[in-house]
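Subject: Structure for your review

Dear colleague,

Please find the sequence and the structure below.

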Amino acid sequence: MLDAVIAVIMNGEKVLFIQRAPNIRGGGHWAPVSGEVEPGETQAAAVAREAMEEVGLTVRAIRKVWENVSTRGTFTLHWWMAEYVSGELRPNPAEVSDARWLTVDEICRMDGTFEGDREFYLNILPALTASNK
């Protein structure tokens, strides 16, 4: 199985969600910034690279918080909390159709998301944020 990172990019109480471009894997779905870990690359470095490539933001990978298997079973997904550092949101049209800062409630009410993503935002993230208070 291949390794991929999921970047849970926080800016205050909001999380960055993107709509994947129609021509890429999972096209049309709403999801966090994500991508494959390149050979020799750390997961934390992949989080920063994917954020810059997909939406033009500088982020700081904080820590890995969860792991699951992709819907098709081809990737081990490594979920990382990441903090917005700088930059203006500029979606790369080759990979991203739209990008929005959303609350967890807004994410949980969205259609067109992946099952594993819903599990994270319904169960994992609320437990993480509650333990940080």
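Does Trp 66 count as buried or exposed? The model is a predicted one, and in it Trp 66 has a relative accessibility of 16%. A residue is called buried under 20% relative accessible area, so Trp 66 counts as buried.

**The chain as a whole**

The protein chain contains 3 helices and 7 strands. Read from the N terminus, its elements follow the order β-β-β-β-α-β-β-β-α-α. The C-alpha trace spans about 35 × 30 × 30 Å along its principal axes. For 133 residues, a compact globule would have a radius of gyration near 14 Å, and the 13 Å of this chain agrees with that.

Of the 133 residues, 44% count as buried. The chain exposes about 7000 Å², and carbon and sulfur atoms supply 50% of that area. Among contacts with a separation of 6 or more, 66% are between residues 24 or more positions apart.

**The nonpolar cores**

The largest nonpolar core has 21 residues. Val 8, Trp 79, Met 81, Phe 120 and Tyr 121 have the most contacts inside this core. At least two of its residues come from each of these elements: S1, strand S2 (14–20), strand S5 (58–69), strand S6 (75–86) and helix H3 (115–131). H3 gives the most, with 5 residues.

Leaving aside neighbours within four places in sequence, Val 8 is in contact with Val 15, Trp 79, Trp 80, Met 81, Ala 82, Phe 120 and Tyr 121. Another core, of 18 residues, lies apart from the one described above; Ile 9, Ala 46, Trp 80 and Ala 99 are among its residues.

**The aromatic pairs**

How many aromatic pairs does a search of the whole structure find? The search finds 7. In one of them, the ring centres of Trp 66 and Phe 120 are 5.8 Å apart and the planes stand at 40 degrees, so this pair is tilted. The pair links distant parts of the chain, since Trp 66 is in strand S5 and Phe 120 is in helix H3, 54 residues apart. Phe 120 has a relative accessible area of 0% and is therefore buried.

Phe 120 also forms an aromatic pair with Trp 79. This pair is stacked, with 4.3 Å from centre to centre and 20 degrees between the planes. Here too, distant parts of the chain are linked: Trp 79 lies in strand S6 and Phe 120 in helix H3, 41 residues apart. Both Trp 79 and Phe 120 are buried. Ring pairs join Phe 17, Trp 66, Trp 79, Phe 120 and Tyr 121 into a cluster.

**A residue in strand S1**

Ala 4 belongs to strand S1 (residues 2–11). With a relative accessible area of 5%, Ala 4 is buried. Which residues does Ala 4 touch, not counting those up to four places away in sequence? They are Gly 35, Glu 36, Val 37, Phe 75, Thr 76, Leu 77 and His 78. Ala 4 and Asp 117 are 113 residues apart in sequence, while their C-alpha atoms are 14 Å apart in space.

Yours sincerely,
A colleague

Methods:
Residues numbered from 1 in each chain as written. Predicted model: local features only at pLDDT ≥ 70, side-chain atom pairs only at ≥ 80, totals over all residues. Heavy atoms only, no water. Helix = DSSP H or I, 4+ residues; strand = E, 2+ residues; numbered from the N terminus. Buried < 20%, exposed > 50% of the residue type's maximum accessible area, 1.4 Å probe, protein only. Contact = heavy atoms within 4.5 Å. Core = buried A, V, L, I, M, F, W, Y, C linked by side-chain atoms within 4.5 Å. Phe/Tyr/Trp six-rings, centres within 6.5 Å; stacked < 30°, edge-to-face > 60°. Rg over C-alpha atoms; globule rule 2.2 N^0.38 Å. Areas by Shrake-Rupley, 256 points an atom, 1.4 Å probe, with all protein chains shown as cover.
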